[in-house]
Amino acid sequence: PVGQDEIVSNYISMLTEIIAQEKRKEGLNEALIRHLVGKAEEWGGPIIKRGVGFNFSQFIFNMANIYQEAMLAVRDETYYQKGVELYRLGLRYSPDRPIFLYSLFDMYRFRGDNENARKIGERIFEVYKDERVRQTLQSL
């Protein structure tokens with residue numbers, strides 16, 4: 001049977017996709033985006049607080065990703081901070097997981113935080129030898 005954590009994880013992934021679609025619209029609905037993030041926090045917050053659960057590392061990513069998409073849509077500093085915080089949490093559980101490293105790298109670059117982008121980018125290059133990241137690092 002499917003457990004509560006798995007259901008919530010899938011629900012948050014669906015909300016993230018709706019936000020991603022909404023941000024591509026010319027006249028995006030900011031109230032809808034904020035509502036969907038609120039629902040994700042309502043359902044996902046307790047699981048993050050608990051610190052364990054079904055595929056917890058992936059759950060952290062799903063929550064961080066909804067903040068990243070919302071931040072890109074409405075340019076809200078709070079969403080940026082929460083997304084970065086969760087990507088960092090993900091790295092504590094999975095220090096070399098590419099999805100956390102690359103997402104955090106993107107968040108820092110978007111924000112213009114070149115110092116932290118460099119640190120994460122160097123880690124990515126050290127572990128994965130990604131030439132695109134090395135080239136991006138040269139431009140920071």
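How many salt bridges does a search of the whole structure find? The search finds 15. A salt bridge here is a side-chain nitrogen of Lys or Arg within 4 Å of a carboxyl oxygen of Asp or Glu.

Before you click, know that this is a predicted model, in which local features need pLDDT of at least 70, side-chain atom pairs count only at pLDDT 80 or more, and totals for chains, interfaces and linings use all residues. Residues are numbered from 1 along each chain as its sequence is written, and side-chain values use heavy atoms, with hydrogens and water left out.

**Stop 1: helices H1 and H2**

Select residues 4–23 for helix H1. Helices are DSSP runs (H or I, at least four residues), numbered from the N terminus. The two axes come within 10 Å and cross at roughly 155°. An axis is a line fitted to C-alpha atoms over the stretch in contact, and angles run from 0 to 180 degrees between N-to-C directions. H1 is therefore roughly antiparallel to H2 (the word applies to angles over 145 degrees). Their crossing is left-handed: the near helix is turned anticlockwise from the far one by less than a right angle.

Now show side chains. On H1, the contact includes Val-8, Tyr-11, Ile-12 and Leu-15. On H2, Leu-36, Val-37, Ala-40 and Trp-43 are among the residues that make it. Contact means heavy atoms within 4.5 Å. The contact residues divide into 13 nonpolar, 2 polar and 4 charged. Ala, Val, Leu, Ile, Met, Phe, Trp, Tyr, Cys and Pro count as nonpolar, Asp, Glu, Lys and Arg as charged, and the others, Gly among them, as polar.

**Stop 2: the end of H1**

Pick Lys-23 and Glu-69. Their side chains meet in a salt bridge (2.4 Å, N to O). Lys-23 is in H1, while Glu-69 is in helix H3 (residues 56–74), 46 residues apart. Which of the two is buried? Glu-69 is, with a relative accessible area of 14%. Lys-23 is partly exposed, at 27%. Buried means under 20% relative accessible area, exposed over 50%, and partly exposed in between (1.4 Å probe, protein chains only).

**Stop 3**

Select Arg-34 and Asp-76. They form a salt bridge through their side chains (2.7 Å, N to O). Arg-34 is partly exposed, with a relative accessible area of 33%. Asp-76 is buried, at 15%.

**Stop 4: along H2**

Glu-42 is partly exposed, with a relative accessible area of 47%. Lys-39 is partly exposed too, at 27%.

**Stop 5: helices H5 and H6**

Finish with H5 (residues 98–111) and H6 (residues 114–128). Their axes come within 8 Å and cross at roughly 150°. H5 and H6 are therefore roughly antiparallel to each other. This crossing is left-handed. From H5, the contact includes Pro-98, Leu-101, Phe-105 and Tyr-108. From H6, look for Ala-117, Ile-120, Gly-121 and Ile-124, among others. The contact residues divide into 10 nonpolar, 2 polar and 2 charged.

Definitions and conventions
Helix = DSSP H or I, 4+ residues; strand = E, 2+ residues; numbered from the N terminus. Parallel < 35°, antiparallel > 145°, perpendicular 65-115°, else oblique.
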